[in-house]
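Biologist: Please show me the sequence and the structure. I will then ask about the parts one at a time.

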Amino acid sequence: MARLLFVHAHPDDETLTCGITMAHHVAIGDDVHTLTCTLGEEGEVVPPELAHLQGAEGDPLGPWRREELRTAMDRLGVQHGVLGEERADGGDGGGTWRDSGMAGMPSWNHPRAFARADVERVGFQVAEHLRRLRPDVVVTYDATGGYEHPDHIQTHRVTMAALRQLGPEERPASTFHIHTPRSWVAQDRAWLRDHVPENLGIAVPAADDPLIASTVDDDVVTHAVDDPVHVPTQIAALDAHRTQLRVWDGWYYALTNDVAARLAGREAFVRVDPLTGARAHTGPLAYELMSRS
């Protein structure tokens, strides 16, 4: 049994980007964990009946999304935690952190804004979590954060800082960054044009729409999990994150931007050096994140 840890910025990020991979590794008997860095207090709310949570005094959206995360991870069979929750006294280098929003927003100046926190200090918190958990595999975003959200970029920074703070015997066997191959983007956009009804009220990406920052050439990818049998489980987990998205049984979803995205049952990664972040794999494409050899 291998132990895997997925480090993410906000509740729902873990299921959107790694839900298939987590479900796959749970199914083959691995011990799968997530660490979420903030509660997503700045998230936009989709259901009208929950709109009162958005931007409300006292941050009620944060605890609500914490419970959504709890339900989603239960449905995936994944253990979960929020950075700083383990030791509320801050003895691991700091307490909990808050969703920063985007630069220039009032939330950016909050004293607990995650993106503006000292990287080494938060890295120490993550390193302490790694020492307690001792995962064989750590997965997080690349330096772009996937789509350049400040909290995602900070999640990458603090995870890599944590790995550098660990001794050689403490580091996981493998570290991965999340990426999407260019060919998958083209295939998914074509699929969406063929499968999303025009009267649904959500947009379908055009073939030439801009790509997210973490999209790479296919030959850069070192590992992929292609296991669509777990899409129904991913949908059930995503459905728990109802403040943030709508998901359809037709294997697609939309966030608050009302743009359709496919649930294709596959996710891609690049194995990296834990100290430098450079690509660190020269073998053929692998189809699990933990070698069984």
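**Helices and strands**

Modeller: Helix H5 (residues 182–195) lies across S9 and S10, at about 120 degrees to S10. Helices (H or I, at least four residues) and strands (E, at least two) are DSSP runs numbered from the N terminus; axes are lines fitted to C-alpha atoms, for helices over the stretch in contact (heavy atoms within 4.5 Å), with angles from 0 to 180 degrees between N-to-C directions. This is a predicted model, in which local features need pLDDT of at least 70 and side-chain atom pairs count only at pLDDT 80 or more, while totals for chains, interfaces and linings use all residues. Residues are numbered from 1 along each chain as its sequence is written, and side-chain values use heavy atoms, without hydrogens and water.

Biologist: What pLDDT does the protein average?

Modeller: The pLDDT is the predictor's confidence in each residue, from 0 to 100. At least 70 is scored by 96% of the residues. The average is 95.

Biologist: What is the order of the strands in the open sheet?

Modeller: Two strands pair if DSSP finds at least two bridges between them. S8 and S10 (260–262) are the edge strands, each pairing on one side only. The 3 strands pair antiparallel, in the order S8-S9-S10.

Biologist: Which residue in S9 stands opposite Trp-248?

Modeller: S8 and S9 (residues 252–254) run antiparallel and are joined by 3 bridges. The residue opposite Trp-248 is Tyr-252.

Biologist: In S3, which residue is the bridge partner of Thr-36?

Modeller: S2 (residues 31–36) pairs with S3 (residues 79–82) in the parallel sense over 4 bridges. The partner of Thr-36 is Val-82.
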